[in-house]
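Hi,

Here is the structure I said I would pass on.

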Amino acid sequence: MPIRILACFILVAALLAGVSGAEPVETPAAPARLTLVQAIVCEQVENLAPKNPAVVFPLELGEVACFTAFDPVPEETVIYHQWFFRDQPSARVRLRLKPPRWSSFSRIQLRPGDAGPWRVEVTDADGKLLARQRFSVVE
Amino acid sequence: MKTLAFFLASLRWQDLVDLLLNSYILFRLYVLFRGTVMVRVLTGLALLWIAQSVSGRLGLILTSWVIQGIIAAGALIIIIVFRNEIRSVFQARSLKSILWGFPRHSVQTPIEAVTAAVYELARKRIGALIVIPAEKDLGDIFQNGIPVDARISREMLVSIFWPGNPVHDGAAVLNGNRIAQVGAILPLSRREDLPSHYGTRHRAAAGLTEQSDAMVIVVSEETGRVVAARSGRLVPIEDNVSLTRMLAEHTVQAAPGAPTRDERIDYAIAGLVCLMLVGGVWFSFSRGEETLTSLEVPIEYLKPGVATEIVETSTGAVRLDLSGSGPLIRALRPEQVKVQVNLENMGSGPHTVVLTPEMVRLPPGVSLKKMTPTAVDLTLDVVGEKSLPIQVDWVGPLPKGVRIVSVEVTPPRTRIVGSRSELSGLATIYTEKVSLTGITSSGSLTVGLVLPDGITGIAPGAADRVTVNYTVAPAKP
């Protein structure tokens, strides 16, 4: 498998926790389970918010991002964004989540030859599938 | 002698059946078309074919080519020109008579007309001598008659024996419904025990019937009495009923279905010629000079297990070196040769199958010299079914100013059939490529699915086409 991927990454919440809006919110009773409230593929992420969500992206865009939001996050944990191009694994990004709620995203750089059907799967630390998003990259 | 013994020993029972069957077909064609012009034309064509073969062997290229052209055109012309004869033969006969039996073209003698004529002659005391042949050809016994070939009628017979007629003294010879000859002089009997009142006519009747199986009717000029002669015996006939019965008994011997002796000889010769002709053709085809050829033949795998499939083979075809007579090898078509490997009772996993001559199916007369490779490696896997999500395979370019924000596929999944190993690596089934050109607003379309390599197909009852509903929104900067 050619090395195509790129740095897909991660600006994880951990680095931005202090300046972003992903700050924990005090709740009277912490829920017991990690809950995914949003998973979306978009052109980019600005201020921890997805911009221009879609299912078809032109190659000339240069990158595609997958944004996920969790609420609540009972305890510090990790999740994975696994990117597949035509059913073949392309990248796997490890993202850290912190209580009480957290948003994070990963992105892939698009190169010539990346046109085609893609999907990104969001899994928890145990590999359990939380969400699957499908999209296409076109010339 | 040794060569002949070797040849006979090498004959298979199929060869004998082949020879006899085709000889019989040819013979039946002869029997059915016997007596028609077509037989003569076909004989001519057969002679042309022999001439073409001989000229080909002798290297007379132009002659061989010209004869070949004539034969090809002749075959076509025969069908066109003789279409009526062919149709009448096959339409007028039952299947049984086409396959069996010997049709006769004989025509029955009009007995009533003969009887009426005989008794009119008797009443008028006019002497008469009428010969009704049976199977034996009378040409060997007498040949001095005057051919007339007239249709039999009472008036005609009476007029032949009318005293003023120049031929009234001789015998009239009948043939079917025709009077073949008149004025025929028959051989006289040398018997001395004939009654003294019998004259020359009676002696002639006895003489002919002693030497043949014909029947002769005599009308006495003096007494007007009628006598019938058969096998040398002279039997007085009392009335027309007796004569009619006797004539009927005599003519029934030559009824259809019972070939005459000459016909039997004719059929026997025809049968022999057919056998020799077919034998010659068969020999030139199957035992001619040995010729070699090579063929690349795909291997046919016969049903593995019920739920097993071939997922990999080391080769899909084998090279066969074949030999046989020149005509057979030249006429050989690749589809006539098969290499079949039976995979029954083979489980999943890798196997090595040794290819044997028994796995090669060849047309009769062609033999296998060599097979390459001699073994094939293959891997079998269990066939299974898997449900997979369907994803649209969009192809660009995306029109300016629009975004496709959502896509819904109906149905969202389908089931496919294939080997377990192939299925395990699949997570998605993609649609055929869907062009984005011209998409500027939301809509829907129907599109087929693309099966990945190695997949047998869509499961029975599962979707092989889907509806795609897409939502378009304006692009944001």
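**What I found**

From the N terminus on, chain A runs α-β-β-β-β-β-β-β-β-β. That comes to 1 helix and 9 strands, where helices (H or I, at least four residues) and strands (E, at least two) are DSSP runs, numbered from the N terminus.

Before you go further: this is a predicted model, in which local features need pLDDT of at least 70 and side-chain atom pairs count only at pLDDT 80 or more, while totals for chains, interfaces and linings use all residues. Residues are numbered from 1 along each chain as its sequence is written, and chains are lettered from A and ligands numbered from 1 in the order in which they are written.

Of the 139 residues in chain A, 35% are buried (20 or more other C-beta atoms within 10 Å of the residue's own; exposed is 12 or fewer, partly exposed is in between, and C-beta atoms are placed from the backbone). Contacts here are pairs with C-beta atoms, placed from the backbone, within 7 Å. Among those in chain A with a separation of 6 or more, 69% join residues 24 or more positions apart.

Now find L48(A), in the loop between β1 (36-46) and β2 (49-53) of chain A. L48(A) counts as partly exposed because it has 18 C-beta neighbours inside 10 Å.

Finally, where the chains meet, chain B brings 19 residues and chain A brings 13 residues. On the chain B side, β15 (375-395) and β16 (402-410) each supply at least two residues.

Cheers

Notes. Contact = placed C-beta atoms within 7 Å.
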